[in-house]
Amino acid sequence: MRRERSGSKRRPDQVGEVIRQVIAEALLHEVRDPRIGLTTVTAVEVSPDLSYARVSVAVHGDAEERAQALDGLASAAGFLRSRVAKALVTR
């Protein structure tokens with residue numbers, strides 16, 4: 001028998017899924033940095049108060065390509081934050 005999660009745990013999961021979708025779409029269609037290459041958003045962990053999110057990514061390629069992709073993601077962080085802020089409407 002499956003127990004339902006309490007509302008306080010389910011909300012961060014829902015917000016994390018929206019963040020994952022927004023970032024994945026932005027990486028696929030809007031970010032034009034060639035360093036990012038084949039990057040997949042694998043998971044998003046959101047704090048219980050919804051103030052922080054940790055985004056996990058998988059980068060394909062060798063060590064140098066991974067390092068370049070992480071540099072590209074760091075460079076695009078502000079843009080990605082703005083996309084997430086526009087997509088999320090919280091009270």
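Visitor: Why is the contact between Asp33 and Arg35 called a salt bridge?

Guide: The closest N and O atoms of Asp33 and Arg35 are 2.7 Å apart. The cut-off is within 4 Å, side-chain nitrogen to carboxyl oxygen, so the pair qualifies. Bear in mind that this is a predicted model.

Visitor: How do you know whether Asp33 is buried or exposed?

Guide: Its relative accessibility is 18%. Buried means under 20%, so Asp33 counts as buried. Arg35 has 35%. That value lies between 20% and 50%, so Arg35 is partly exposed.

Visitor: What makes Lys9 and Asp13 a salt bridge?

Guide: Their closest N and O atoms are 3.7 Å apart. The limit is 4 Å, so the pair counts. Lys9 and Asp13 sit four residues apart in helix α1 (residues 7-29), so about one helical turn separates them.

Visitor: Why is Lys9 called partly exposed?

Guide: Lys9 has a relative accessible area of 43%. Exposed needs over 50% and buried under 20%, so Lys9 falls in between. Asp13, at 31%, also counts as partly exposed.

Visitor: What makes the meeting of Arg83 and Glu30 a salt bridge?

Guide: The N to O distance is 2.5 Å.

Visitor: How many salt bridges does the rule give?

Guide: The count comes to four.

Notes
Residues are numbered from 1 along each chain as its sequence is written. This is a predicted model: local features need pLDDT of at least 70, side-chain atom pairs count only at pLDDT 80 or more; totals for chains, interfaces and linings use all residues. Side-chain values use heavy atoms; hydrogens and water are left out. Helices (H or I, at least four residues) and strands (E, at least two) are DSSP runs, numbered from the N terminus. Buried means under 20% relative accessible area, exposed over 50%, partly exposed in between (1.4 Å probe, protein chains only).
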